Structure formats: structure tokens, C-alpha cells
Amino acid sequence: MTTSAPVLPKLIGERVKRREDPRLIRGLGTYVDDLKVTGMRHLAFKRSDIAHGTIRSIDTSAAAKMDGVEAVFTGADIAKVLAPMPIGTPFPSPAHYAVAVDVVRYAGEPVAVVVASDRYVARDAADAIVVTYDPLPAVVDPEAAMTGKPTVIHKDFPNNLAVALVPSGTGVAPDFSKVDNTAVDKAFADAEVVISQRMVNHRLVPNAMEPRGVLAHWEPGKDTMTIWSSTQNPHILKTMIAAMNGIGQHQVRAIAPEVGGGFGAKINIYGEEYVCSVVSKKLGLPIKWVEDRTEAFVATTHGRDIIAYVDVAARKDGKVLGLKMKLIADIGAYNMLLTAAIPTLTMLMANATYDIPAIRTTLTEVFTNKTPTDAYRGAGRPEATYFVERAMDMLAHELKMDPAEVRRKNFIKPNQFPYQTQMGAVYDSGNYDKALTAALKAANWDGLKAERDKARKEGRIVGLGLSMYVEVCGLGPSSSLPTGGWEHGQVTVERDGRITATTGASPHGQGNETTFAQMLADQFSIPFEHVTILHGDTGVVKQGIGTFGSRSQAVAGTALHLAGTKVKKKMAQFAAALLEASEDDIVFENGMVGVKGAPAKAKPFAAIAGYAYVPVPLPQGLEPGLSDEAFFEPANNTYPFGCHISMIEIDRETGEPKLLKLVAVDDAGNLINPLIVEGQIHGGLAQGIGQAMIEEAVYSDDGQLLTGSFMDYGMPRATDFPRFELSATVTPTPVNPFGAKGVGEAGTLGSTPCIVNAAVDALSGFGVKHVDMMLRPEKLWHLIKNAGQGGRA
Amino acid sequence: MIPVAFDYQRATSIDDAIAKLAASNGGKAIAGGHSLVPLMKLRLSEPGTLIDISKIPGLSGIRESGGRIEIGATTTHSDIASSTLLRDKCPMIAEAAAEIGDPQVRNRGTIGGSIAHADPAADFPAVMLALDADIVIKGKGGQRSVKASAFFRGFYDVDLAPGELITAVQFDPIKTAAYAKLHQRASHYAIVGAAAALTVKGGAIESARIGLTGATTHAIRLPGVEKALAGKKADGIAAAVHNAAADVPEVNVDLHASEDYRKAMIAVFVRRAVEKAIARS
């Protein structure tokens with residue numbers, strides 16, 4: 001691992017425009033749905049329209065007879081060639097068939113498969129399949145489900161408990177062999193004030209602009225499988241497709257072409273991917289399935305959906321002595337790849353930015369008859385941030401302290417880093433007071449308070465909210481990821497001096513084609529345009545893990561840099577031979593390779609590259625060519641942080657909330673490209689604000705997703721936002737040579753609690769102490785109308 | 001999102017469209033497609049034939065003649081929202097158009113389609129009622145004209161026979177009129193939308209027409225409120241409309257608004273529309 005001080009030459013740190021954009025915004029990108037392979041057939045799924053029931057019969061005869069239909073498979077047929085799907089976490093899990101065999105457990109679960117010559121025929125045939133069910137009671141309320149009510153979904157999981165009361169924090173041995181509550185109990189015994197609140201971090205539908213899609217192509221003559229999929233991690237897909245098809249990894253090539261957003265929901269390896277592959281292998285034909293939007297609402301994993309019972313013990317001066325957080329995660333009907341692990345990240349981040357000496361969290365994960373959950377932008381950390389930051393605001397309110405002051409009183413101090421939390425994390429670096437101070441200044445906090453108070457005198461309902469956040473990013477050492485926590489990069493200097501580099505990251509909006517090219521152009525001192533970054537194809541990129549957990553720059557970026565370092569050294573050796581100089585005196589400058597102190601000897605970069613491939617004479621001890629690779633395994637995660645401030649106004653007559661101001665100070669360490677970083681923050685803010693104010697997945701009592709289309713599930717629009725006011729503090733991480741921490745998810749962490757804090761502040765005059773998201777106008781209207789009646793919606 | 005198979009025909013004139021509709025056996029006219037296509041994608045509507053009327057010459061456009069305004073059926077929401085004629089002489093319809101959906105919807109959706117489809121929460125039906133507009137309809141039997149108040153009959157039920165086409169709407173422009181809408185934040189349809197058209201003399205309301213959408217099965221007039229507003233000045237509006245929900249027979253209930261909330265919002269948005277309208281006098 002390299003820990004030397006980062007060097008920041010000319011392109012790193014510059015606002016270079018994304019080179020991806022010209023093709024994407026002109027419609028020149030190639031997505032799965034754009035692909036055609038000779039002989040390709042189309043697959044469609046028949047899905048359950050009820051939430052819970054036993055399959056009594058499936059009549060496929062009408063579908064099978066339709067012109068153009070080539071095959072129909074029930075769940076039982078598929079189960080003969082496809083085992084239940086594996087998960088990526090060490091928790092017990094019920095058998096999960098890609099196509100249901102006897103029981104359906106959520107509306108949208110596949111029950112049969114049709115293969116046809118044409119996508120329209122496939123859909124018509126799926127409609128023609130008749131499934132009859134014996135309905136079972138739908139399990140919708142996770143807290144009722146924990147008592148086995150109204151029924152048990154998986155027979156080996158009593159009371160619907162996927163994970164039951166796993167403790168974490170102070171006094172808990174890493175192997176859970178010992179749970180010592182002494183410190184936590186003492187904190188609450190010593191407390192002068194205790195805050196207790198049930199909070200809900202509700203369920204969201206990820207809604208990437210591009211739904212999922214798969215094209216699987218088994219080539220019988222070659223015994224190879226090529227699978228294109230709209231995924232965030234083609235290398236994991238390759239591994240899983242090989243395992244589930246009983247073939248070697250050397251027989252599989254997985255390709256993520258252009259991917260129109262993932263937001264965590266395209267990490268999971270889905271049943272649809274396995275089904276397309278086994279059907280392709282069985283029929284010997286290329287098989288394509290593209291998810292439509294209606295399917296995507298129920299068939300792609302959802303996010304969040306965690307209830308927390310939060311208790312904070314504090315002194316009257318605002319010092320927090322202890323924290324308890326009882327978490328109940330509604331994970332839906334099945335465990336997916338990372339489902340069970342997501343809420344453990346909520347536990348991991350319970351310390352937040354505060355030096356809290358005693359913390360006890362417990363985690364219970366509950367099966368319900370809903371679409372399964374998995375990662376969604378932030379994945380467990382926005383939930384932790386929300387719970388702690390709401391609680392800190394409630395404490396400030398109780399003690400009549402400024403919300404900034406109570407936070408400041410509890411911050412982990414700069415001289416405490418690396419900081420071992422109660423939850424087992426080691427925060428790499430941080431300066432929380434600096435970010436808070438910068439945000440208060442950027443927002444003109446005291447001025448905003450005066451503005452708020454003036455508005456209130458005019459009868460307006462205006463509130464201010466503040467939130468800190470710290471996130472675990474740059475995942476991570478292999479001990480923290482079942483896939484391995486490294487990343488891979490390969491750098492090739494071509495014969496003409498251009499650079500082709502491959503990365504195991506699989507960007508789908510992160511802009512790594514631009515940022516990684518900036519890095520390598522600087523490293524070799526060649527023009528940006530001379531560097532191409534390839535990704536997303538296991539036939540081209542030898543190894544990789546993928547893009548999630550805000551890890552691309554910190555892990556994959558470093559791997560490329562290390563590969564570049566190796567190649568550059570070899571190139572310097574060729575140059576030393578050609579220029580008759582010492583390797584140590586070779587300098588790379590402005591597209592030239594020269595000798596220190598002898599500028600006249602310099603030759604073009606391309607000339608040295610050409611010599612390396614036609615090495616006459618071949619320098620002693622060197623092989624021809626300029627290509628090398630590196631794996632980078634970080635020693636630790638990174639922990640970016642920041643402070644967000646918002647001002648909202650609530651319409652007294654209608655309850656409609658309007659976001660008036662959003663100030664975000666984010667510290668992601670050193671930035672490669674501030675323009676792309678800001679874009680990432682904008683997107684994160686949109687989704688965080690969306691959760692607070694606009695987005696909510698709502699189920700009916702019988703387990704139907706009531707918000708199953710964009711008619712009822714609101715997506716944030718540009719017109720919903722004020723101009724975001726962004727700035728940064730810079731606290732580099734020591735765990736990678738760039739000092740970069742990661743930023744893809746950060747916007748979703750601070751924004752959500754700061755908006756709810758603002759809403760509660762706005763409604764404080766009506767006796768409101770807490771309101772759960774989303775801030776539906778009607779809910780706020782009731783709070784205003786029922787003022788003085790306990791202040792509950 | 002995959003509709004059942006259908007035939008597509010493009011009509012070259014109104015008469016051609018009517019002939020094609022008659023020959024199509026259950027075919028549907030399509031212009032912007034922003035009501036029909038979403039239903040087809042969900043297979044809630046399965047017309048065997050679509051007759052595209054969007055390219056018929058003369059069927060779109062905003063015209064003024066003899067003090068009346070006529071808007072062609074295939075005129076888009078965005079053309080109505082940005083019309084300087086309407087902004088000047090009848091701002092209510094332009095401001096209502098500007099609040100429909102999003103820019104993509106407004107660029108494709110048409111006034112004729114919105115009225116013919118008559119979604120219970122669509123904006124234009126309320127505006128047509130407040131303007132006391134005439135809906136001009138053409139069919140095999142020739143042309144006829146229906147008052148908006150007779151056209152909107154019930155839940156997705158309008159006075160339009162199979163084979164008939166809306167060709168235009170006509171109305172007397174009125175400056176003292178306004179539209180106020182509570183947006184459903186996902187669809188941007190109206191939770192309630194109120195259109196108020198007033199005649200004002202000496203600061204007092206002589207007469208009022210109030211159209212309301214989103215509140216019940218279809219857009220309706222509010223006769224009780226209209227009566228209560230007569231003779232009122234600006235300071236009397238709130239009292240006159242506070243019980244506006246009493247004019248609504250069956251109030252819609254959905255995920256976005258309970259009966260209580262929607263009733264309260266009816267009064268709020270009727271008042272806001274009337275106040276905005278009287279401020280234009």
C-alpha cells in the first residue's frame with residue numbers, strides 16, 4: 001500500500017467535462033435493449049398478481065399453441081435445470097427459486113416463462129397462461145409479522161424472522177459469544193435526559209432510468225456462455241452464471257454494456273439472469289429479456305424500509321452518554337445477494353460523527369410478502385444517519401440548544417483519528433467541526449434563523465434543518481466483502497503511444513471513463529484524449545469486483561494508478577536504453593520522454609512506445625511491450641462526511657412542503673474532478689430529498705404495491721428543487737495514494753434528515769416533535785390542523 | 001408496457017378520420033396519445049386500430065373570430081400555455097395548460113384528447129366548464145356542438161358517440177378568470193383543480209362560473225358556490241366558498257388525499273381561483 005503524500009498534477013483536480021456525455025445525451029449509447037444477435041428469441045415472465053398463495057394449477061396450453069411461441073416453462077420445469085439462488089451473506093436463507101415452484105410470496109414473483117420469436121408474442125403468451133392460486137394471508141406489517149401474524153411465510157423461519165435480535169456495539173464480542181450491557185445500562189442510569197422515538201425509514205423503489213435487461217447466448221459449438229446484462233458488476237455475474245450453469249468461469253463472458261443507472265439495485269444477480277442463461281443453454285439459442293417499467297416496480301429490489309426504536313441518554317449540557325437503537329428491517333419475501341447485510345451497515349454507522357461512549361444496537365430482519373429489498377444508494381448508511389440525526393435534533397429541542405451546538409459538543413475530534421467506534425469501524429480521518437462551521441457559514445445560519453423568525457411573525461410556517469453525516473465508502477478490505485474487496489486495473493501503452501486501460505469498476509453514471517483518463521494522462525504526462533478506459537466486459541477486463549459502495553476512485557482508481565506505475569517504470573527502462581541515460585534520470589513531460597538536465601535528448605512518448613514493441617536492440621533484462629496490471633486491496637474503508645442544511649416552508653392551508661434552500665458541504669477527501677463530484681452530489685441530493693418529500697412505496701393490506709407506476713410513485717423533478725449550494729472541505733484519507741474517499745452515495749445521507757429536521761422545526765409551534773417521512777401534504781396538514789392535540793399525524 | 005397488436009392508420013382530413021373510424025370497428029383516434037397510450041401499455045385499453053389525427057391540416061391552432069376564440073382539437077397543451085392571444089385575453093386557459101403534467105406531456109398532449117378522455121383529474125374539463133365552452137363535434141351525421149356542462153356526464157363518460165371526433169372548442173374569452181390547482185406530486189394531475197370565471201363590476205362579482213376537477217367522478221360546476229359568490233367583493237369570497245365541498249356529491253378518496261383533506265382543499269383552491277380571478281378585474 002502506498003501512503004505517500006498525493007501529488008496533484010495538472011488534470012487531477014480539474015473540472016473536465018464527462019467524455020461519456022456526448023454519446024449518451026445524443027442517444028448513441030448501446031444498452032442491452034439495443035442488442036441483436038442472429039437467432040435471438042424473446043423471453044417473458046408470467047408473474048404472480050397476488051402477494052401470497054399456493055399455486056393450484058398452471059395452464060400453459062393456450063400460450064404454447066400461439067403462433068411464434070417456442071417454449072413455455074413452469075417453475076417446476078425451471079427448477080430441474082436451475083437450483084435455488086444463492087445469496088452473498090452468511091445468514092440462513094430459505095430456498096428461493098428463480099421461478100416459483102409451489103408458493104408465491106410477493107406480487108410480481110415469476111411463476112412461468114415463455115420463449116417466443118418476438119417480444120410482443122412473448123408478452124401475449126405470458127398473458128395467456130392461466131394460473132390459479134389458493135390465496136394465503138398477506139404479511140405486510142413487519143412488526144405484526146414478528147409475532148407470526150397473520151401467518152408464517154417460510155416454514156423454517158418461525159415468526160418470519162430472517163435475522164433475530166443480532167446485537168452489536170459496546171460490550172459485544174465480535175463473535176457474539178458475549179454481550180455485556182454494563183456500559184450501556186450505566187449510560188442510561190446516569191442520564192439527565194433521555195430521548196425515545198420510533199422512526200420509520202420507509203421503502204423506496206430505485207427506478208433507474210434504464211430498467212434491467214439480459215441477453216444470454218450459449219454457443220453450443222464453443223461451449224461458451226456470453227451474457228449481456230444491465231448490471232453494476234459483470235465479474236460477479238460471470239462467477240454466478242458459471243456456478244449456476246455448472247460450467248467453468250473460463251466458459252463465461254459477462255458484459256455490462258451502457259447501463260442507465262443502478263443505484264445499488266443492479267448489484268444483485270437476479271433470477272432473470274439465471275433463467276435466461278439456463279434457457280439459452282437448454283434451447284441452444286440466444287435469449288433476451290428486457291424488463292418493462294411495470295415489472296421493474298415489483299421485480300427489481302426495493303431499498304430501505306427499516307424501523308428504529310431510538311433512545312438517547314444525555315446530560316443536560318448536551319453531552320450524549322449512550323445510544324440504543326433497535327432496528328427492524330422489512331426485507332420483503334426473500335433474501336437476495338446482499339439483502340441481509342444492508343441493515344448491518346446501519347448498525348455499523350450508529351456512532352455517526354459523535355464520540356458516543358456506549359452504544360447498543362440490535363437488528364431483526366423480517367420476511368413480508370413484498371418485493372425483496374437490497375442495496376439502494378447509501379445502503380444502510382442513510383438509515384443510520386437519519387435515525388441518529390433526528391435523535392440529535394430531538395435532543396437539541398428538548399434541551400433548547402442550537403442543533404449545531406449539541407452536535408459540536410459530541411463530535412469526534414480531529415486528534416482522535418483513526419477513531420475506533422463502538423461499532424467496530426475505524427474511521428480513517430475526519431474534521432467534523434470544520435465541515436459544520438463551513439456549512440453554517442455558507443448557509444448564513446444566524447441570518448437564516450432571523451429570516452425564519454421573521455417569516456413566522458408573518459404567519460408563515462418555516463423551518464430550518466441541519467444534519468451531519470459520515471459514510472463508510474471505498475469498500476473495502478476483503479474481510480468486509482464476500483466477493484473480495486480489491487479492484488483490478490491494467491494499463492497498456494500502445495505502439496503509437498496511446499494508452500488503453502481496463503478497470504474492474506463497472507461505471508454506470510459515475511464518469512470513470514473521464515476521471516481515470518485524467519489520472520493516467522497526468523501520470524504519463526500525455527494528452528487526456530490519448531487515454532481510453534475500458535470496462536464492463538469480462539472478456540476485456542481480466543478481473544474485477546464492480547461498482548458500488550462509492551468505491552471506484554478509492555479502490556479501482558488506485559489499482560489503475562499502481563498498474564500505471566509499473567508500466568511507466570518499464571517505459572523508463574526502454575527510454576534509458578534508447579537515450580543512453582540512467583533510468584533514474586528519465587522524465588515524462590508534456591508528451592515527451594527525456595533526460596533530466598539534457599533537454600535536447602528528449603524523444604516523443606510515442607517513439608519510446610514504438611521502440612518498446614520493436615526493441616532493436618532489446619535492452620538486457622527487458623521483455624518487449626508495455627502492459628501491466630495491478631490488484632489493489634485497501635487496508636481500510638474510507639469515511640467521507642459532511643454537513644447539510646435546509647430551509648423549508650409548509651403551506652398552512654394545504655400542508656404542501658417547499659424546499660427553499662439546500663446547502664451541502666461535503667468532504668470526500670481529495671477530488672479528481674470537482675465537476676463530476678458535484679454531479680454525483682446533485683444526484684444523491686435529488687434522491688435524498690426525494691425520499692424525504694416525494695418518494696414512497698406504499699403497499700395495501702393485501703400486499704399490492706399501490707405506488708406501482710409513476711402515476712402514484714413520485715419521482716423528484718428539477719422543478720422540485722432550489723439551486724443547490726455546494727461547497728467542500730478537504731480531509732484526505734491515508735488509505736490510498738490519492739487521498740480520495742468516495743462520493744457517489746453521500747448526497748443521500750445528509751439531505752434526508754436535514755429536511756425532516758427542518759419540517760419538525762417548522763411545525764414545532766404546533767407541538768410536533770417528530771414526523772415520519774415522506775412529508776405528504778395531507779400528513780402535514782393534519783399536524784397543523786390537530787395542533788395542541790398531541791401533535792401526531 | 002407491451003400493448004396488444006394494433007393497426008395504425010393516418011387520417012388526412014377530418015372526413016377521412018371519420019370514415020376510417022367508422023370502418024375500423026372499435027378503433028380509436030389518437031393525437032398526442034398521452035391518455036390512450038399509457039392505458040394501452042397496461043393493456044387496460046386494447047383498440048384494434050389507431051387512427052392518427054395529429055397530422056390533419058387545420059385541426060390544430062388557436063383562432064379568434066368575432067370575439068369568440070376557437071382552439072383546434074389537436075392543439076398541444078404547450079401551444080395553449082404559450083399563446084400570447086390566450087395569455088392576453090383568456091389567461092385562465094393558458095395558466096391551466098402550463099400546469100399539466102410536465103414539458104414532455106405538454107409538448108405532445110392535446111386539448112381534444114384531454115377533453116374526450118375526461119380523466120376525473122384532468123385540468124381542461126374544469127376550465128371548459130368555467131368558460132361555458134362549446135365542444136364542437138363531427139361525425140358521420142355531420143357537425144354538432146355541445147355545451148361543456150352537458151358534455152362531461154360521469155366517470156370517463158362524455159357526450160361523444162363512437163365514430164365521432166372533437167374538432168374544436170369555442171368560447172368567449174374572459175379575462176377575470178383563473179385556475180388554481182393542488183398537484184398530485186407523482187402524476188401532476190389535480191388532487192383538486194378549480195377554474196373560476198367571473199363577471200365583475202365595481203369590484204363586486206356579478207356572476208360566477210366555477211368548474212372543479214379532481215374532486216369527484218368527473219369535472220363539475222359548483223352551483224351553490226356560484227350563487228353564494230354573486231354580489232360579493234374580494235373580502236367576501238372566503239366566506240362564500242368555505243363550504244364549497246357541499247356542492248360535490250361524492251368526493252374521491254385515494255392514496256394522495258382522504259375525503260376530509262380533499263374536501264378542505266376544494267374550499268381552499270376554489271377560493272384561490274376566485275381571488276386570483278377577481279384580482280384580474
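**Figure 1. Surroundings of A:I645 in the predicted model****.** Not counting residues up to four places away in sequence, A:I645 touches A:A439, A:L440, A:A443, A:W445, A:L448, A:G465, A:L466, A:K661, A:L662, A:V663 and A:C754. A:I645 is also among the residues with the most contacts inside the largest nonpolar core.

**Figure 2. The largest nonpolar core and a second, separate one****.** The largest core has 159 residues. Along with A:I645, the residues with the most contacts inside this core are A:L43, A:V275, A:Y427 and A:I755. Helix α11 of chain A (residues 381–399) gives the most to this core, contributing 10 residues. In soluble globular proteins, nonpolar side chains tend to be buried together.

**Figure 3. Packing of helices α15 and α16 of chain A****.** Helix α15 (residues 512–524) and helix α16 (residues 552–579) of chain A pack at an angle of about 30 degrees, and their axes are 10 Å apart. Because angles under 35 degrees count as roughly parallel, α15(A) is roughly parallel to α16(A). The crossing of α15(A) past α16(A) is right-handed. On α15(A), the contact is made by A:N512, A:T515, A:F516, A:M519, A:L520, A:Q523 and A:F524. Residues of α16(A) in the contact include A:S552, A:A556, A:L560, A:H561, A:G564 and A:K568. By type, the residues of this contact are seven nonpolar, nine polar and one charged.

**Figure 4. Burial of helix α5 of chain B****.** Helix α5 of chain B spans residues 91–98, and seven of its eight residues are buried, so the helix is largely enclosed by the rest of the structure. The buried residues of α5(B) are B:P91, B:M92, B:I93, B:A94, B:E95, B:A96 and B:A97.

Notes
Residues are numbered from 1 along each chain as its sequence is written. Chains are lettered from A and ligands numbered from 1 in the order in which they are written. This is a predicted model: local features need pLDDT of at least 70, side-chain atom pairs count only at pLDDT 80 or more; totals for chains, interfaces and linings use all residues. Side-chain values use heavy atoms; hydrogens and water are left out. Axes are lines fitted to C-alpha atoms, for helices over the stretch in contact, and angles run from 0 to 180 degrees between N-to-C directions. Helices (H or I, at least four residues) and strands (E, at least two) are DSSP runs, numbered from the N terminus. Angles under 35 degrees count as roughly parallel, over 145 as roughly antiparallel, 65 to 115 as roughly perpendicular and the rest as oblique. A crossing is left-handed if the near helix is turned anticlockwise from the far one by less than a right angle, and right-handed if clockwise. Contact means heavy atoms within 4.5 Å. Ala, Val, Leu, Ile, Met, Phe, Trp, Tyr, Cys and Pro count as nonpolar, Asp, Glu, Lys and Arg as charged, and the others, Gly among them, as polar. A nonpolar core is a set of buried Ala, Val, Leu, Ile, Met, Phe, Trp, Tyr and Cys residues joined through side-chain atoms within 4.5 Å. Buried means under 20% relative accessible area, exposed over 50%, partly exposed in between (1.4 Å probe, protein chains only).
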